[in-house]
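Hi,

Here is the structure I promised to pass on. Have a look at it first, and then read my notes on the side-chain pairs below.

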Protein chains: 2
Amino acid sequence: MVMPATFAGLGFQSDPTAHQPIYLQLTVALSDAIRAGRIAVGARLPSERLYAQYLGVSRTTVTAAYHELKAMGLVRGYVGRGAVVIADDPDRAPAGTVPWALLASRLARPAQPSSTATDPALISFGDGWLHPSLTPSAALAAAAATAVEDPQVLIEAAQIFGLPVLREALIDVLRANGVRTTLSEVLITGGAQQGLNVVARALISPGDAVVCESPTWHGAFRAFRAAGAEVAGVAMDREGVDPDALEDALVRLRPKFVYLIPTFHCPTGRLLSLERRRRILEICARFRTPIVESHVYGDIVFGERLPSLKGLDAAGIVIHQGSASKTISPALRLGWLVAPRAVMNLLASAKASLDLSTPALTQAVLNGFLRSGAYARHLPPFRAELQARRDALLAALAVHCPDLRCVAPQGGLYLWAQLPKPLRAHEVEAAAAYEGVSVRGGEAFLPDGGTSSHIRLCYAAPALDEIAAGAQRLGKALRTLRQRHGDPAARAASFASV
Amino acid sequence: MVMPATFAGLGFQSDPTAHQPIYLQLTVALSDAIRAGRIAVGARLPSERLYAQYLGVSRTTVTAAYHELKAMGLVRGYVGRGAVVIADDPDRAPAGTVPWALLASRLARPAQPSSTATDPALISFGDGWLHPSLTPSAALAAAAATAVEDPQVLIEAAQIFGLPVLREALIDVLRANGVRTTLSEVLITGGAQQGLNVVARALISPGDAVVCESPTWHGAFRAFRAAGAEVAGVAMDREGVDPDALEDALVRLRPKFVYLIPTFHCPTGRLLSLERRRRILEICARFRTPIVESHVYGDIVFGERLPSLKGLDAAGIVIHQGSASKTISPALRLGWLVAPRAVMNLLASAKASLDLSTPALTQAVLNGFLRSGAYARHLPPFRAELQARRDALLAALAVHCPDLRCVAPQGGLYLWAQLPKPLRAHEVEAAAAYEGVSVRGGEAFLPDGGTSSHIRLCYAAPALDEIAAGAQRLGKALRTLRQRHGDPAARAASFASV
């Protein structure tokens, strides 16, 4: 692989823990070099493929950076066919052009262009979505055919709180989870992700602290930070988050609320023990600090079923959130918040300022689905299928990636795999994408940044018959990386597998 | 009307310009009085109806305040049937209870419970929604019946940017509005309101300034403030916002962007002149300041049609937003952003962090509706019907509210009526609600707060045959208020109308 000295000499190192995405880090490095004359006017940019390989980042990252440079007026010509560096002459930029990249919110963290969207040949363990074969498509189609017969759902906006019939149907689902609630305590949201934004907007003032598990769902701390929060993580072990460390964080940071995923946690798949659930409720009640409980994986249980925090919450301190995305279909974009009556007006106001209300049509589809009994019929085979996928992935990893260490999760969608030393998660993510399989590096889930030696594998996302091939590709990526790190055992294994 | 001396003596005055909603202002006044002993333990709260009338606020405001007092443990018994003040003894509050009202974000502005939702007998000019009879319900039903035949839309989440087929269909709608764009410049949002939050999250850092018209859509400045912006308004006249004042604001505040509703502005219904459109584009291009253009009323045009700012934007500084809510149906909860390629990744990332994506099902319904030609067929009768409603409202106001002054809008949904002196908008809103008709007081639309002598009347919201009765009720409210203000002419008119 030949890299022009100009570009090799830049010594660019991506920092996956920075708030800025890698493509913007690269954009800044290149534009600085062009402006400082370290890359000469007239120089030709290396091909995206070559440069991506050289830097150990994805090709889409390089492409995105090149497009930014073009938008900034530093590069001319077709990206991908030898774009050329041009002079950074402000007089030559059109007078009114807006320098969008310079205007980005400092809280914004632009998403990396998703490699899955652009490459259908990729086998995906990276996304937290259900493969379409896992969704109860026939029952959803029947519910949808009925829903569209009611003209109201097409012409009248739903109330801020959502359709009363759906909220009523959810009360039954919640009761099965040990949560007793009433109509006035349920608010429908555009998926659980919007629910996090609703809570953030209702409760967070700029500068407030929020405490969560570390690692945790990155969409949560992104939403909290966008509302101005300082987010801090609390360490976890096999039993979930550590209550003592949580209490220390409450003392030290006085957070506005605590965000937890106690049941089949994302990304680790862990189940917070019953004893810890009780202790954490006691601690937070003592501090009069609310808990926002994400329970979106609660119904995907293979073994022991524990009550949710909300089900154990005698003091009324828990805002509980559920979702249809992880158990029924991500296409509906429906979630719900269950919260004490006294906070509902605040939540409704935040919901209104986010998008006024959730579509009535999708709510009617979910309502029909739930009331037909389809959910109760769907869950047992769905759980069995996911358990079979979990087992298939564990078996394939044992064959193809024997040096990954992981514990079999007892529910949920994720396997949390520890990498052999000295591999870092973000380089595994890049190498795996290069080999045609997506995984999520653990760095993405760290609220406080830092490096990670774990990757998250979602066994729900790929087609069932792709799981083994995906593990094989991941194995190849791991061997290549260990070779590059100079591990002789890996090098021998790599030759053997050719 | 008899008011117990304790409550009469509180001298509570609502401040509609405060960030805190009136019901919370009242809650604070009452809880302070209880804690200070000015309202004794054992005192009975006045009935909501009586107290609302006495204070000149809506009954729902009083009810909401009473519920807050109950949640705070200061009041016991059934609200509405003589709740009683109890001792504020912290030792008696359950140890773990969370004081939710104390935890509210200082950026949050809880919505007033909407009076329309609770009282079906109310005639509504207050909401900015289409009456269901104005929606093309048959064509929507046909599009929905077709949409649900595609199982994909029920089981696969749409991409962050939205369904490509819909974005393609919107390109044609936009072309008819003089906006030439491409697939990669269109992002689907959960209504225009979410679009405002997408832009805010992408561009606003806490402390940034945003400049908008004054008055303007309150959902916009609420969304910008929730992202940490300082929002400032620029005065308008009959031709729309004043370009010189806008340039002064750019110099003084250096805003991150300017938010404008140039075409049939909310709440004033005004149309920014072509000359001003050109000047404002020139000014903002010179300052390299983006314009966020809300164009949600652009297709509701009775007379002259002017190009949108986006249609005139040679420099690429405009982020344009449209919506299906004001012309097709508010139930779909669909809007779109059209923006320069260079800012799309930022917008997509913000969209992802808000709710990952918009439902595919509602997008498929709108796509089918647009592609069937139904939109083109819908618009002419829709415009004619709205124009007839506008005329019916103007005629009814001339009879029943002769001292309101208003200019006939040339499009859009709103009539902006100036009140006779010394009436203030918020007292008219309360008095009108008491008489059974909802209007929106101008205070709600003032980004910088203050009092208003205007009310917004939406002629799209009520049933056509309720318009005259609504104007009659409003006339009664105006006469009663003028009487209370001691206007002898009004008193005479009031007796005459009995």
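**Charged pairs**

A:Arg371 and A:Glu168 form a salt bridge, with 3.2 Å between the closest N and O atoms. This pair links distant parts of the chain, since A:Arg371 sits in helix α16 (residues 360-371) of chain A and A:Glu168 in helix α9 of chain A, 203 residues apart. A:Arg371 is partly exposed, at 45% relative accessibility, and A:Glu168 is partly exposed too, at 43%. Please keep in mind that this is a predicted model.

The search over all chains found 30 salt bridges. Another one joins the side chains of A:Glu282 and A:Arg286, at 2.5 Å from N to O. These two residues are four apart in helix α13 (residues 274-287) of chain A, so about one helical turn separates them. A:Glu282 has a relative accessible area of 39% and is partly exposed; A:Arg286, at 44%, is partly exposed as well.

In chain B, have a look at B:Glu239 and B:Arg276, whose side chains meet in a salt bridge of 3.9 Å, N to O. B:Glu239 is in the loop between β6 (230-237) and β7 (240-241) of chain B, while B:Arg276 is in helix α13 (residues 274-287) of chain B, so the pair ties together parts that are 37 residues apart in sequence. B:Glu239 is partly exposed at 36%, whereas B:Arg276 counts as buried at 11% relative accessibility. Over in chain A, salt bridges with shared partners join A:Asp237, A:Glu239 and A:Arg276 into one network.

**A buried glutamate without a salt bridge**

A:Glu185 is buried but has no salt bridge, and the nearest side chain of opposite charge, A:Lys310, is 6.0 Å away. What A:Glu185 does have is a side-chain polar contact of 2.8 Å with the side chain of A:Thr181. Leaving aside residues up to four places away in sequence, A:Glu185 touches residues including A:Leu337, A:Pro340 and A:Met344.

**Aromatic pairs**

There are 14 aromatic pairs over all chains. In one of them, the ring centres of B:Phe224 and B:Phe257 are 5.2 Å apart and the planes are at 85 degrees, so the pair is edge-to-face. B:Phe224 lies in helix α11 (residues 218-226) and B:Phe257 in strand β8 (residues 257-260) of chain B, so the pair ties together parts 33 residues apart in sequence. Both B:Phe224 and B:Phe257 are buried. B:Phe224 also pairs edge-to-face with B:Tyr259, at 5.5 Å centre to centre and 75 degrees between the planes.

Best wishes

Terms used:
Residues are numbered from 1 along each chain as its sequence is written. Chains are lettered from A and ligands numbered from 1 in the order in which they are written. This is a predicted model: local features need pLDDT of at least 70, side-chain atom pairs count only at pLDDT 80 or more; totals for chains, interfaces and linings use all residues. Side-chain values use heavy atoms; hydrogens and water are left out. Rings of Phe, Tyr and Trp (its six-membered ring) pair if their centres lie within 6.5 Å; planes under 30 degrees apart count as stacked, over 60 as edge-to-face and the rest as tilted. Buried means under 20% relative accessible area, exposed over 50%, partly exposed in between (1.4 Å probe, protein chains only). Lys and Arg count as positive and Asp and Glu as negative; His and the chain ends are not counted. A salt bridge is a side-chain nitrogen of Lys or Arg within 4 Å of a carboxyl oxygen of Asp or Glu. A polar contact is a pair of N or O atoms within 3.5 Å; within protein, one must be able to donate a hydrogen and the other to accept it, and residues adjacent in sequence count only if both atoms are side-chain atoms. Contact means heavy atoms within 4.5 Å.
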